[in-house]
Structures are given as C-alpha cells and as structure tokens.
Amino acid sequence: MSGILVILEERGGRIRSSSWEALAAALKLGPAQDITAVVIGAQTAALAAEAAAKGVGKVVRVEHPLLAPYTADGYCAALEQLLQNQGPTQVVFPHTYQVRDYAPALAARMGQSLIGDVVAIEDGAVFTRQLMQGRLNANYRHSGNGPCFVSTQAGAFRADAVDALAGASPATITTFTPNLDASQIRTEPGEPFREAAQTVDLGSAQRIVSVGRGIKEEQNLGLVKDLAAALGAELAASRPICDNGWLPMERQVGSSGQTVAPKLYLAVGISGAIQHLVGMKGSQCIVAINKDPDAPIFEVADYGIVGDLFEVVPALTETVKAAK
Amino acid sequence: MKIVVAIKQVPDRDAPVRIAPGGKWIDETDLQWAMNEPDAYALEEALQLKEKNGGEVVALSAGPERTGQTIREALAKGADRAIQVVCDDLGTRDALGVAKLLAAAIKPENPDLVLTGLQSEDIGLGQTGVIAAELLGLPHATLILHVEKTDAGVTVKRELEEGWFQSIEMPLPAVLTMQSGGTKLRYATLMGIKRAKTKELKSVTAAELGADAAPVVVLEQIALPKKQKSTQILPGSPKEAAAALIEKLKTEARVL
Amino acid sequence: MMASLPTLAEPRHFAIWESALFAALIVASVWAFWRPFGTILRKILASKSDADFHLFPIGRRIRDFVWEVMLQAKVIRERPLPGLAHAFVFWAFCAFALVTLNHCATAFGAAFLDPAEPVSRIYYYIAAVFAAACAIGIFGLFVRRFFARPKWLGELSWGSGLVALLIFLLMVTYLAAFFVQPDSLAARALWWAHTLTLLAFLPVIPHTKHLHLVLSPFTIFLSRGGFSRIPPLSGDEDFGLVAGKDLTRLASLQAYSCVECGRCTEHCPANNTGKLLNPKQIVLGLRGYLNEYSPASEEPLLGKYNAQEAAFQCTTCGACEFQCPVGIEHLPIIIGLRRGAVNTGAWEDDYGAKLFLALERGSNALGMSATERDKFVEKNTLPIFDGTQEYCLWLGCMGAYDPRGREIVLALVRVMRHLGASFGVLRKEKCTGDPVRRLGNDLVFQQLAEANLESMAQNKVKKIVSICPHCVRTIQEDWKEFGAPPAVEHHSEFLARFASQLQPVQDQKRIVFHDPCYLGRYRGVYDQPRQVAALAGDLVEAPRSRERSFCCGAGGGLSFLGEEKGDRVSHVRAAELAATGANVVAAACPFCNTMFQDAFAARGEGAPELMDIAQLVARGLPE
C-alpha cells in the first residue's frame, strides 16, 4: 500500500482551482512523484492532459459512460474499485459540495472516516480543521489501517505550489474502467438550474452593496449602482432610502425588511442603526464606508474605510473594473 | 410515510468556548445546549411532509442524558415519538462511529425516509447522514432544500455551488441531509410542550445497539485560533484605500 | 320659603283594578327584563372562574368603586362635558331610588314618603334638581349622539334614542307632577306616564348597551386592578383565550359591561393609524361570541367575531384600558387572545417566528450574538456586578446591542460615576421576556423569567436600575408569576432622586418630553423624567402628554413584527412632537428612541434632536 491519490473535480471541462489546491495539500504529505491525480467522468481525456501537465507522478482516468452525470452511487462504486486496485495510503479531495455528497460514503465503504474540510496539514500527517463555526481549531490524526481520507477547504492551500511543479515532464496517463451497471445507480439527477430571476431575492445573494442616508440625494444612487454592477452584487438599502421611495421596499435590509447573509456586505453611507444591523449581521464579510469614524456600523464591520463616499465609491468601482 | 429525523444536540451558538483540561474538548460546564440548526430544518421538513402526506415522524438523537431536552423540543414541535440513544462517548467517536449508532437505531424502524441536518454546528463534519445511508444500504442525497413525495419515491431539490440547483428523483427508502433555510422553522408552543409529555420516548444504550466505537480518526487536540475578529480600518487616500480593500477582499476574506 | 314652592302631586288612592293592573305590569316588566338578563347572567356565571381572583384586600375595590362609580371621576376626567352630563344622569338615578320605590308603593297604599312632610319634601326637591340636571344632560347626550356624532360612538342605534327618550320622559313626568293638583286627573295621568316609562325602560336594559347600568358597578368593583395585569395560566389545558371555554367570569362580565362609548378606540394608536384593530370591537366581539355560543364552546374566539390580525396590531400602550369608564381590562383580553393563538401555534408570522426562535435559542430579542454584549461591556470597562455594588445596571437588549441604546447606557454610566453611585452589570443577561410576554408566548416567557430570576438570586441582586421601561415593567410585575424579583427602578426615577446634585446644562434648549407608555400609564411615572429633562432646558408639552400620551408604535412586540399597515404610529407621534416647536425631543425609552429616530430620519432636515433624558443631563457633566 503506497501513494497518494488526489481526486480532481471539473467544471465546464476544466479542472477546478480547488482541485489544484487539494493537489497542493497532497504535496505536504509526500513528493510529487508519489501523487496520482485522478480524473473521473464519462469523457476525461482533456482533463487528464490538463492534470498531466502539472508534473504529478501519474494520472489515472476513471472513465465510464455511467459516470456522467455525477451520482454518488456511480462515483462511490467506481472509486471503490480504483482504491482496491491502487491501494493508496492517502486519498485527498477538494472539499466541494460534490465531494461532501459521496466521499463520506466511499470512506465508510472502506471502513474509514473522512477528515473533512481541512485547513492545514502539519508534519506527521496532523490535519487541522475548524470546529464550532470557526471558533476552535482541532488537530486530527488517522489511526488504524487502510487509507486516510482527507478533503481540503477551498482557499486554505495555495494552488501556486502546484504551478511550481510545471515544467517537469508530463505524467503518464492510464485509464481505469470500472465495472458499473445502470442498476447500481439509484438516483436520477436532473439538469442544474438557476432560480428564475423573478423578484429581487436578497436572501440568496452572494454579494450585496447596500446604501444608506449618506447618499443624500436620489440622483446620487447611480454611484452605488455602478459599484454593485462592477462587483456583480445586488443593490440593497436601509429603511430611510426605501421610505423615500428611492428604491423599492423589497430592497430594504433590516428588521422591517429582509434578513440577509451574503458572503460580502458592503455598507455605503449607512450609520448602522439596530434595525439595520439585525438584518445583515450574519454576513460573512462586512465592509463599511462612512465619513463618521464613530458610526456604529464600524463596530460590526470587518473592513472599514473612513471617508467621503462620493470619493471612495468611484475609486472602488474603478479598482474593481481595472482588476477584471 | 414513516420518517426518522436524526437530531444532534449542540452547544448553543452563544456558548462561551473554553478548552477543557486535557485539551481535547471544550469545557461543558455552564454550557447551554440547543438543537443543531440544520437538524431543526430536517425536522421541519419531516413535519411538513407528514402534514401533507400523513404518516409518522420519529425523532432520534444520540448523546448523554441532557439530550433528552432537545428530544422533548422535537416532540413539542410535532414529532410523534422519539428514540434516545444514550451514550457518553459521542465526542470520542468519529463520524463512522456515530453513524453506526444511528444506523443501528434506524434499521429496526424500517422508515421510508431518514432526514438529518447537513452538518452539525459543533464538529461540522457533515458526514453522518451520508455514512448512515451507506451503512443502511440506502440511496442518499445531500444539501437538500425541499422534498416532494411522488408516486415512485421523492423528488428533492439539491443545492449546488454558486446559486445553482438540481432536482433529483430517488426511490424510497432513502436518506437526505437537509440544508438550512429551505423552509421556515416553526416556533415551539406551550401546547406542544405539554402534549409532548405524553408521547413515547424510547431509550436505548449504545451497547444494546451493538455499535462498536473504535475510531479510525482521532481528535488529538483543540486550540483557540490566534486571530480574533476586529475591524480593520484601511487608511490612505480614497484610491489607496479602495485598492487595499479589494486586495484584502480577494486574498484575506476571499469573497471576491 | 319652602311653602311657596310647589308640592309634588301624587294620586293618593288607587282602585283595586288599578293596583292589580300595576302589579301585573310590574311582573311583566320584570319578567321581560329577567328573561334576557338571566341568560346573560348565566353566561357570565357559567364562564370559567378567574384563577387569580381575590376579593381581598377590599380597600382598593371600595376606593375604585367610590371614585369611579359614585363620583363618576373617570368619566368626567376623560371627557369633561359629556362626562358631567353622564354624571348627572347617574346621580339622578341614585337620587331617584327612594322616589321610585315610594312611587310604586303608592299604588298599593304603602307610601312612606309624604310630599307635604318637610323631610320628604326636601328630598323631593333635591331629586327634582337632579331630575332637571338629568333631563338637560340626557338631552345634551342625545344631541351629541344623534347630531354631533363623534365617530367613536359608532353607528346610530335605536336603543340609544329610545333610552334617551325614556329617561327624558321619566324626568319630565316627575318634574311636571310639581305643577298639578294632587288627586287631579293630571296627577294620575303623570303617575301612570312615569310608571309606564319606568316599566318600559326596564326590559330595554338587557337588550342595549344600557346593560352597563346594572353590570358596570360590579365590573369596576370586581376588576383585577393594577394595569394590564395578565392572569397566570391555570392547569395543563389553559393556553390563553382560545375558545369560549377559556373566557373567565371577569372577561365575560366585562364583555357585557361595555357601554360602547368608544373612548378606547378614540385613543388607540393602531385604530388612529388605519389598522384593523378597534379595542371596542374586540370587547363587543366577545359579547357577540357569548351571545351566539356558550361559554363552554370550543369554537375559536378568533374567527367570526374577532380577527387575529387585529389582535396582533396592538402596541399594548394601554390607552384603552386606562380610559375605560366601566372597568374593562382590554390588555388581558387582547394579550389573552394572542396567548391563545401563540401557545397553540395558530399564529403564523415570519417575523414573530423569527423573534420566538431567537429567544428560544439565544439571549436577546434582536438575535445578536451574546459576544457582542461582552465586547461592549469590555470595551467600555463597565464593572461586573459582584454583589458588593448597590445597583445592578440592567442593560436590556437595546442597551446591550442597539448603538443608540448603548449611548444611553454610557450616558447613564457617566452620570452614575459622577454621582459616586456604585453599580455593576451582570456578566450575562437574557431578555426580560417583554416582547414574548406581550405577544402571548408563555413558553418562552417562562423560560426567560425563570432563567433571569435564578441569575438574580445567584448574583444577589437587590436593586436594579434600567434605561428601559419595558424591562422595568416586566421585571417588577410580570416576573412575579415565577418568583420574587428584586426591586427595580427606571433611570428617570434614579436621576430625579439625585437631581439636586446634577448641574443644569448651560445651552438651554426647548424640550418636549414624550411619555413612554410603559413608564407613564404602566408605572405612573410622569414627573421624574420631566424634572430631569428640565435641567437641560425649558419644557413644553405635546398636545397629548402624560396619561394621554400617544404611543411610539414599538410596544407589544410590534417593533419586531416588520412593517405596519396604514400610517406608521411613530410618524404620527413624531409629527406631533415636532409640531410643538421644541428643538429637542426627550425620550426615556430606547424603543421610543429608535422609533422616533426612524421617523425623524424620514422627515429629513429640520427635525428636532432626539435624546434620552440621561444623555441630556450627561451633557452638563464636566468632561
């Protein structure tokens, strides 16, 4: 039993960056030549070539018509056979929604337990993951026989560690064809879809730019709209803006409006009254722009810019556009 | 439709996090406990399915005596009866060990559907439901927002990344892990609490279930993260501050 | 002199057939009265007994009875002119007691008053004065009801007109008897006219709002007392007012006592801003329910006669209960209906569910993380209460999490430090349960009250001071259901006690003080906050102030229930406060403060400055 398997995941025909991060994590467990990158699907030639160019030890194509579309049953059955065949010491995944769907079952099938969502790996295969919603770090170790299953948190490992390997000669590519039968696949997945964009849905927005009384006049809203467009964000507002009819009521965030929890909440000219705070306090990252350094919004913000929004907001819009 | 909902009791989100002597787990004295929120959504979905299609909702929870409080909450919200797997070693079991306990308790019930939360708010492994499905030999789906009963089984709405969703048709029996926010939770009522007193609560021990506990993954040590959240004020001219902010949002906060 | 005055003329002799006819008419009239009245009485008595009812101490009851019934003080105070007119009608009825008794006795030759005998004669004259006042009064009330028609009185009713006519006739036939000869045909005709009016009046009573003639003295005497006193639930099957079976005797008695004067509606902030809630209709709804169903009925109370939506629009400001002249306690009824809906899960509301879930799991009504409070306490180095300090400074949800509430707390802390008062804040606090109490969630309220009482005992808290009138009220009155709370006072009371040690502020302002409902009507504290605010400038009064203060719209859990229908209560009140021309609005409640902050923000430029009284006096302190 030897070697490290890294199960790569694709999107739109390309390997996803989180998969390269998983590969980078695997480099903390052993040298590149011990690493086997695994691509899986119904058509994997291009993916395999992409992986081979990274300079890993080997690339395996797990290919079968029944592996598209993704099903947990199909992936578990195919990868179980691969693992039996390869006998790795460690199996590394990126901690994606898809991996969360099948990897725990795969590990269980092998009598193992996945160490999921790992943020750091220390020498001697000590894996750190977060507990209590990030309020604690915990170190885990694999004990017992059989392969150790690990999945890595997106962004926790730097994919450029893998880029550094490039230039080595491309890895050899082999194909592994699992024995799959249609009856093994019990679920019938449909095509991915997005929710019909009916009304404003701040609740599911990933990014929100929210504007408050600091904007002063209705005609100044354009500034904030530009920033929201550049960031690909939804536009929201505090209550006075909607009360004035400058924006529709469904864009109001706060106790009498919507409760939101986006990844990024950028509050522009919002002082941070409690009615507003209760509607957005769950946001992952809060940015506040306000000219008053004592504005309560800064108490809850992760990042703040104290300054005139009429200068800061256009500068931000420019920076975002320039970065694209 | 008979639905088993697996529920975990977790420390309250506001609970103070102090590390217990030995450094392997938090100090549980003075902790307030609550129902794991994704499990609360699983329970809600189960209750709605029952209200629509009839049947029975059985609440299942493993843990020490104090778990009874959370089980009663589930009964108060509308579960018909409950099973408590009494065990004091939940913390030292790995995900596989916990899932073995639950699967052993679920099996004799022969449910049509097993629902549980996507992950727990304390350990957050997000695996128990999936492993239980594997152990029970049932199909599963994760990150489910909504369940619709069909003639052949169920149609579920699964969340994918970046705002995408997917419908999946599955046969029954099956195991689903529920994502938070797919529906609205009901509040507990006085009437519910009073009615819960008369509902059946069956208690079994881990030993009776015969689920072994030898872990393959061990938690060695816990520690408080060094960095505490504080507001970073970005100085400089508007241009400089803007540039610094975008950089931090990309590399530090990773939200762009 | 008396000799020159006319004497009341009464027929002295009655034929047997006349006496017999009269006796038959009395029986018919009493029977016509008793048939519907007996039904009503049986419905009241068949209602559930009030678990917390105690007749003693009886002193309060007697005092209320004398003040409100005998002296008609509440009726007169709240609406002086019509109140006085009503009082004269009432007093005339009292004065007539003996006259009427004698009047009837005459027909059977058993008269005990003699119009010619001096004492009786004086009595007759006194009655005559009241009769005249009553006739004028009832005529005035008739004109008001049928011609002036204030909208609070509601639809015109035949009953009111008929009763006014009957009362007027009663008085006129009595007065006219002074101007005819005894034993004349005219005297006999007047006697019969008076008698028939009286006998016609009796059966009308149980069919009209004039039932209050009979019931309201009892209603006032038997009322729970206090203000907005929410009765404890009794037994495992009591979830509040769910169905007829849950109506208590007091609730049923009150429902039948309503005189439909509309004072409650006139002062209701919800009704005045275009909402469905009409407190008068809530009470009449119960009456309609009782008329249709029995007090043992399982038919929901929220349905045909009362709307759930209306019950949840109440800010619990208490203006209705405070004004009610017949002793109806609206808040236990409205909150009782909410309890019935919430405790059984019948109330479905996204905002409400969010609030309840936040308090089921967390520590505060705002759904904030308790660590935010810790950070605030730490950052401002607030001392932790350890049992050695005199005061426990209770932050409350608003004081701990709301940026404006925090400023109020910090202003009070500056003043307390300046005064050398020793104080500390609890390491942990849970919401007092005010919003869930008012919304009728007994489960969460009990959890919060019990946890807080335990923490009070553990920390050996003796005296609490708080910036929030809602916290103060809930701690002092509502927690009692689960234990003995420590003494608690509002910071206005604390500051007023030390007013002599505080410096007047130099830049004097024109200040209008807004009475918070939970400080004023609920606690009877009106002067202390004014005394404190006066240190910072000249006080002006809003048109509606003190007992008549108009709500800010936040109470009763409504600040957590999202956007309101119709006009915002806060906007109406803010406009009224701004119109006083004051440049500062002084508040004494963090909820009022936050409501007005929003309202003034919507008004834009030129709005008055909004400050808590603690902030006003803190400005006068040396840096």
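Chain A is divided into domain 1 (4-184) and domain 2 (202-323), with bounds from an automatic or database domain assignment.

User: Before we start, what kind of model is this?

Analyst: It's a predicted model, where local features need pLDDT of at least 70, side-chain atom pairs count only at pLDDT 80 or more, and totals for chains, interfaces and linings use all residues. Residues are numbered from 1 along each chain as its sequence is written, while chains are lettered from A and ligands numbered from 1 in the order in which they are written.

User: How many Å separate the centres of the two domains of chain A?

Analyst: Taken over C-alpha atoms, the centres of domain 1 and domain 2 of chain A are 39 Å apart.

User: How do I read an interface, say where chain B touches chain A?

Analyst: The size of an interface is often given as the accessible area lost when the parts come together. Here we count contacts instead: two residues are in contact if their C-beta atoms, placed from the backbone, lie within 7 Å. On that basis 59 residues from chain B meet 60 residues from chain A. On the chain B side, the largest share, 9 residues, comes from helix H7 (238-251) of chain B. Helices (H or I, at least four residues) and strands (E, at least two) are DSSP runs, numbered from the N terminus. By class, that side has 37 nonpolar, 11 polar and 11 charged residues; Ala, Val, Leu, Ile, Met, Phe, Trp, Tyr, Cys and Pro count as nonpolar, Asp, Glu, Lys and Arg as charged, and the others, Gly among them, as polar.

User: In which sense do strand S18 of chain A and S13(B) pair?

Analyst: Strands pair if DSSP finds at least two bridges between them. Strand S18 (residues 303-306) of chain A and S13(B) pair in the parallel sense, over 2 bridges, and A:Tyr303 stands opposite B:Gln232.

User: And what about chain B against chain C?

Analyst: 15 residues of chain B are in contact with 19 residues of chain C. Helix H5 (residues 190-196) of chain B supplies the largest share of the chain B side, 5 residues.

User: Which residues touch the most other members of the largest nonpolar core?

Analyst: In soluble globular proteins, nonpolar side chains tend to be buried together. A nonpolar core is a set of buried Ala, Val, Leu, Ile, Met, Phe, Trp, Tyr and Cys residues joined through C-beta atoms within 7 Å. Buried means 20 or more other C-beta atoms within 10 Å of the residue's own, exposed 12 or fewer, and partly exposed in between, with C-beta atoms placed from the backbone. The largest core has 332 residues, and A:Val6, B:Val5 and B:Ala59 touch the most other members. A second, separate core of 28 residues includes C:Leu8 and C:Cys134.

User: Why does the length of helix H21 of chain C agree with expectation?

Analyst: The expected span is 1.5 Å times one less than the number of residues. Helix H21 (residues 442-458) of chain C has 17 residues and so should span 24 Å, and its end C-alpha atoms are 24 Å apart. Among its buried residues are C:Phe445 and C:Leu448, and their cover includes H5 of chain B.

User: Is C:Lys460 buried or exposed?

Analyst: C:Lys460 counts as exposed because 12 C-beta neighbours lie inside 10 Å. Its phi is positive, about 55°, although it is not a glycine.
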